[in-house]
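Hi everyone, thanks for making time today.

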Amino acid sequence: MTASDRQSGEGRGAVNRPRQQRPDRIARVTAHVVSIPRDVPYLGPLRDGEFVNRAGYIVRLGNRTLYPTQDRSIVLRIDTEQGLTGWGETYGIVAPGAVRAIVDDVLAPVLEGRDPSAPAVIHEDLYDLMRVRGFFGGFYLDALAAVDIALWDLLGRRLGVPVSTLLGGRRHDRIPAYVSGLPRATLPERVDFARDWQARGFAGFKFAAVVADDGAEAEIAALREGLGPKASIMADLHWKNSAAEAIRLIRRLEPHGLAFAEAPCAPEDILGVAEVARGVGVPIALGEELRTVFEWLPRLQHRCMAIGQPEMGHTGITEFLRIGALCHAHHVAIMPHAAIGVGLFMAASLQAASALQKLPWHEYQHSIFDPNLRLTQPTGRTHMQCEAGFYTLPDGPGLGVEPSAALLSEMGA
């Protein structure tokens with residue numbers, strides 16, 4: 001072999017090694033606040049004493065919690081040097097500028113120039129950035145969720161497969177959906193509204209106790225009479241009660257066939273929720289406000305819940321899957337939460353949920369999912385849908401959906 005042969009890698013016994021390409025790098029990370037008008041505020045019309053303040057918020061007197069009058073969300077875009085794009089989304093319903101500021105000032109400068117192909121590793125690194133500054137909850141974790149979703153979307157698009165494939169494979173092509181919220185002014189109207197959904201093939205219904213004007217017991221009694229014995233009826237108690245109050249209330253609801261009680265008392269009251277779980281005869285569901293396995297673990301150890309409700313807009317895909325595995329190890333079923341969004345983190349939730357084993361239901365926020373479906377378009381042949389009591393998943397790569405022209409226009413992109 002000559003010197004030139006050795007230099008070129010040719011000659012007898014030489015190994016042809018592919019020329020290594022420089023990995024793609026993140027070029028830009030941008031966050032956009034999106035506001036979508038809605039006809040009826042979330043949870044229904046205003047009650048006596050409720051009003052819209054100058055920032056466009058309502059304080060719901062039933063649980064003293066702030067809600068927007070529009071559907072607001074944060075859409076996050078990651079662009080790479082080689083021209084690929086990944087899309088993410090997180091909560092923006094209150095103070096969306098806080099999340100955008102975290103992305104712009106903290107996360108984007110750290111992410112720029114990084115290889116995007118390891119979403120879980122990047123998630124851990126970003127989590128550690130704010131270790132001494134209250135990083136383990138709130139707006140910072142919401143911002144991380146948007147980045148994480150976008151990175152998984154980007155990886156799926158690069159490889160040409162859905163996110164569910166990246167997560168180990170899809171167990172469910174259809175996911176049972178329960179109708180969440182009955183946003184009508186009076187109880188008879190809410191019963192009729194639920195019966196309309198039942199006629200469309202839905203079998204599960206959740207009412208919000210904080211806007212049950214005649215009381216939760218009257219609400220479930222009327223719904224049971226209107227929907228019949230086979231319907232699954234759930235109650236969202238919106239963290240309003242003490243442990244003792246929640247136990248008394250849930251026991252009054254049990255004779256009406258309550259399927260589960262959600263968020264019975266304050267989310268920080270771990271021992272109180274555990275007391276409720278031991279003191280009633282129906283499953284307790286919670287978890288929408290919990291963002292990491294570190295928040296979930298003590299509640300699972302105290303047996304606070306039989307149903308876990310991770311919210312993709314708070315967790316991102318990496319933590320969602322870790323929470324799912326933790327719940328599986330504690331024999332807790334997963335029924336993912338779904339709240340206000342333009343559809344990107346909803347698609348992420350469906351992708352990740354489809355890879356889980358115990359998945360009795362996924363929440364269906366009909367007043368958000370249906371009108372906002374126009375804001376996304378499929379990356380493959382089919383779009384996500386929710387019809388006749390089931391979600392069907394998109395078949396395209398990544399999340400399976402991406403912003404439509406309508407959403408891009410709302411973003412000013």
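**Cavities, pockets and pairs**

Let me start inside: α13 gives the most to the lining of the largest cavity, with three residues. Before going further, a word on what we are looking at: this is a predicted model, where local features need pLDDT of at least 70 and side-chain atom pairs count only at pLDDT 80 or more, while totals for chains, interfaces and linings use all residues. Residues are numbered from 1 along each chain as its sequence is written, and side-chain values use heavy atoms, with hydrogens and water left out.

Now the terms for the spaces. On a 1 Å grid over the protein atoms alone, a cavity is a set of points where a 1.4 Å probe fits but cannot get out; a pocket is an open set with protein on both sides within 12 Å along at least five of seven lines; and lining residues have an atom within 4 Å of a point. Grid points are joined across faces, edges and corners, and a volume is the space filled by probe spheres set on the points. Helices (H or I, at least four residues) and strands (E, at least two) are DSSP runs, numbered from the N terminus.

The largest cavity has about 110 Å³ of space. It is lined by 16 residues, and Gly 341, Gly 343, Met 346, Ile 368 and Phe 369 are the closest to its centre. By class, the lining has ten nonpolar, five polar and one charged residues. Here Ala, Val, Leu, Ile, Met, Phe, Trp, Tyr, Cys and Pro count as nonpolar, Asp, Glu, Lys and Arg as charged, and the others, Gly among them, as polar.

The second largest cavity has about 60 Å³. Its lining counts 13 residues, with Cys 265, Pro 267, Val 273, Leu 286 and Glu 289 closest to the centre. That lining has ten nonpolar, no polar and three charged residues.

The largest pocket has a volume of about 880 Å³. Thr 65, Tyr 67, Ile 93, Trp 239 and Glu 288 are the closest to its centre, out of 46 lining residues. The elements giving two or more residues to this lining are β3 (65-68), α4, β7, α10 and α13 (366-372). The lining splits into 19 nonpolar, twelve polar and 15 charged residues.

Which element gives the most to the lining of the second largest pocket? That is α13 again, with five residues. This pocket holds about 310 Å³ of space, and its lining has 16 residues, with Arg 38, Asp 39, Val 40, Ser 367 and Pro 371 nearest the centre. The lining divides into seven nonpolar, three polar and six charged residues.

Next, the charge pairs. A salt bridge is a side-chain nitrogen of Lys or Arg within 4 Å of a carboxyl oxygen of Asp or Glu, and by this rule there are 18. Asp 142 and Arg 291 form one of them, at 2.9 Å from N to O. Asp 142 sits in helix α4 (residues 138-159) and Arg 291 in the loop between β10 (284-286) and α10 (293-301), 149 residues apart. Are these two buried or exposed? Both are buried, where buried means under 20% relative accessible area, exposed over 50%, and partly exposed in between (1.4 Å probe, protein chains only).

Lys 206 and Glu 363 meet in another salt bridge, at 3.0 Å from N to O. Lys 206 is in strand β7 (residues 204-208) and Glu 363 in strand β13 (residues 362-364), so this pair ties together parts that are 157 residues apart in sequence. Lys 206 and Glu 363 are buried too.

For Asp 395 and Arg 381, the closest N and O atoms are 3.1 Å apart. Asp 395 counts as partly exposed because its relative accessibility is 28%, and Arg 381 counts as exposed because its value is 76%. There is also a network of salt bridges linking Arg 47, Arg 190, Asp 213 and Glu 219.

Last, the sheet: three strands form an open, antiparallel one in the order β1-β4-β5, where two strands pair if DSSP finds at least two bridges between them. β1 and β5 (85-91) are the edge strands, each pairing on one side only. Strand β4 (residues 70-80) pairs with β5 over seven bridges, and Leu 76 has Gly 88 in β5 as its bridge partner.
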